[in-house]
Amino acid sequence: MSSPLRTFGLTWLIAAALPLGGCFGQADMELPSGPEVPSPEQPTGPEATSCPATAVQPGPSPLRRLNRFEYDNTVRDLLGTTLQPAKAFAPEEESLGFKNNAYALNVTLLHVEQWMTASETLAAAADLSKILPCQPTAATEATCARQFIEQFGKRAWRRPLEAEEVARLGSVYQAGRTRKDFATGIRMVIESLLQSPFFLYRVESGRPSTQGGPVQTTSHEMASRLSYFLWGTMPDPALFQAADADQLSTREQVEAQVRRMLNDPKAHRMVAEFHKQWLMLDELEHVTKDNTLYPSFEPLKAAMRTETEKFLDYVFFEGDASQLFNANFTFANKELAAFYGINGPTGTAFEKVAVNPLQRAGFLTQASFLASHAKPNQSSPIHRGVFVRKQILCQTLPTPPDDVGMPPDPTPDSTTRERFAEHTSNPACSGCHALIDPIGFTFENYDGVGGYRTHEGALPVDASGGVSKAEDANGNFVGAVEMSRRFAESTYVKDCIATQWFRFANGRAEVEAEKCELQELQRQFAATGYNLRELMVQLALSDAFRYRQPALAAQ
């Protein structure tokens, strides 16, 4: 039988959901349909068009649920806890490579059960001495409880509570106080707050307007947009203070906060999360290799991941987007440097080191990427080529046919390139593989774990290939270094980077009405010399970020 606390919490969760459409009473909650990403016969990517000045036209403003990363960060900052209950939550569905896309964050009864269990665990473990704003006595318990509800509730729901909400939570407290004691009442309030849609979702309505059309977000809504975009967590005291004073309404006020927030250590964690999703860094964790062929892989696996994380952090905060593809340096310890055949580090600590410019240039020649996109016993031109098309060129590809064959096994009398030649000669395969394989073949100087090679067995490697249908990224190249350096110079590629950040910041795909705004963002990015920190500033100042479509009436 359910405990009184659990029964009360579930009742609150369902009741609180009703104003948002009653979705928690259904077996599965489905958010409104979002913009579809096309799957055309030919790949699609950034386009250049002439854009006249237009009125504010933000895209859709879907209800955004906290994902697991955001949930754990939020309860950490709200309660001061080290618990990470969201690690056990059902994993998010990815859309366009990201785990924060509002249209993919659907809800099932399993989620509701997990949120309820997490709220109980967190409330039971909460150190009340640290989160209570007062020390209650027998005579002041009710006053202290109300003060806690107003102050803690504001932080949990990321906005001031309305009088009716305070009263309702007061009845939750009183039920717990009557059942046992003051602490029980407070813990029941915590459970209720954490189970509410106003905690689990970023609920927005925008500033009241009688004119119709897009509305500007309120300062409290902007505080949440900024904090979850740049930190992946709830607003800090400075953001709450600015929101309370309605000082997040002008471009200048928003820009000042963005620049402050980018200087906070929490920004490094958020940037790492973006890169982890965009560049699929978690793939390395699940990779296994033939230990006979690649005995050094498992001992170096963690170092490969650390190298890339440190490299990406440095490029974002100290460099520019071009260095993602043409950097003549990386970060390595003694063992990883030996794998790369470079000198420098003498111990376990990672240091910035120069790479051999004939063999390495930027992320696409790092072992973490190359090993993740390869087979256990060989390289994989297909996996590497698909990654570049989707993640680096922002292009979609048709879904492979159901009867796609297995990759050919290595043989001593043929190279990987020769074994995969069927894809371009078979009419059923050639359409897609003419786009994928030439890119993938430029990586053939790297084996299944990213080691540099000039021969595959006794046979010489042919790393010639190229890129097509990607505007100024097009070209014929010999090796991934040559291709990466073209990417470093390509406007098309760096427009894609801006697009990826736009999707991540707004939790959805761009729509047709935002084409001009996205192109303006890309133009501003270029004007800063492709400074990634400045891209964050311009994203936060964009119409898509500062405005929203009017909230729909409850169904």
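Contact here means heavy atoms within 4.5 Å of each other. Keep that in mind as we walk through this structure, which is a predicted model: local features need pLDDT of at least 70, side-chain atom pairs count only at pLDDT 80 or more, and totals for chains, interfaces and linings use all residues. Residues are numbered from 1 along each chain as its sequence is written, and side-chain values use heavy atoms, with hydrogens and water left out.

**The whole chain**

The protein chain holds 25 helices and 14 strands. Helices (H or I, at least four residues) and strands (E, at least two) are DSSP runs, numbered from the N terminus. Of the 555 residues in the chain, 53% are buried; buried means under 20% relative accessible area, exposed means over 50%, and partly exposed is in between (1.4 Å probe, protein chains only). Now take the contacts between residues at least 6 apart in sequence: 70% of them join residues at least 24 apart.

**Two residues up close**

Let's start with Arg486, found in helix α21 (residues 480-489). Its relative accessible area is 28%, so Arg486 is partly exposed. If you skip its neighbours within four places in sequence, Arg486 is in contact with Asp472, Ala473, Asn474, Gly475 and Phe477.

Next up is Phe182, which lies in helix α7 (residues 182-195). Phe182 counts as buried because its relative accessibility is 9%. Again leaving aside neighbours within four places, Phe182 is in contact with Leu132, Pro136, Glu141, Cys144, Ala145, Tyr173 and Arg177.

Each of these residues can also be paired with a partner from elsewhere in the sequence:

| Pair | Apart in sequence | C-alpha to C-alpha |
|---|---|---|
| Arg486 and Phe325 | 161 residues | 8.4 Å |
| Phe182 and Ala138 | 44 residues | 9.4 Å |

**Helices that cross**

Two packed helices are described by the angle between their axes and the distance between the axes. The axes are lines fitted to C-alpha atoms, for helices over the stretch in contact, and angles run from 0 to 180 degrees between N-to-C directions.

Take helix α9 (residues 219-230) and helix α11 (residues 251-262): their axes come within 11 Å and cross at roughly 30°. That makes α9 roughly parallel to α11 (angles under 35 degrees count as roughly parallel, over 145 as roughly antiparallel, 65 to 115 as roughly perpendicular and the rest as oblique). On the α9 side, Met222, Leu226, Ser227 and Leu230 meet Val254, Gln257, Val258, Met261 and Leu262 in α11. Sorted by class, this contact of α9 with α11 has seven nonpolar, two polar and no charged residues. Ala, Val, Leu, Ile, Met, Phe, Trp, Tyr, Cys and Pro count as nonpolar, Asp, Glu, Lys and Arg as charged, and the others, Gly among them, as polar.

How do helix α12 (residues 265-278) and helix α22 (residues 491-506) cross? Their axes come within 11 Å, at roughly 110°, so α12 and α22 are roughly perpendicular to each other. The contact is made by Met270, Val271, Phe274, Gln277 and Trp278 of α12 and Ile497, Gln500, Trp501 and Phe504 of α22. By class, α12 with α22 gives seven nonpolar, two polar and no charged residues.

**A pair of strands**

In a regular strand the side chains alternate between the two faces of the sheet. In strand β6 (residues 329-332), Phe329 and Phe331 point one way, Thr330 and Ala332 point the other way, and all are buried. Strand β6 runs antiparallel to strand β7 (residues 351-354), and four bridges join them; two strands pair if DSSP finds at least two bridges between them. The bridge partner of Phe329 in β7 is Ala354.
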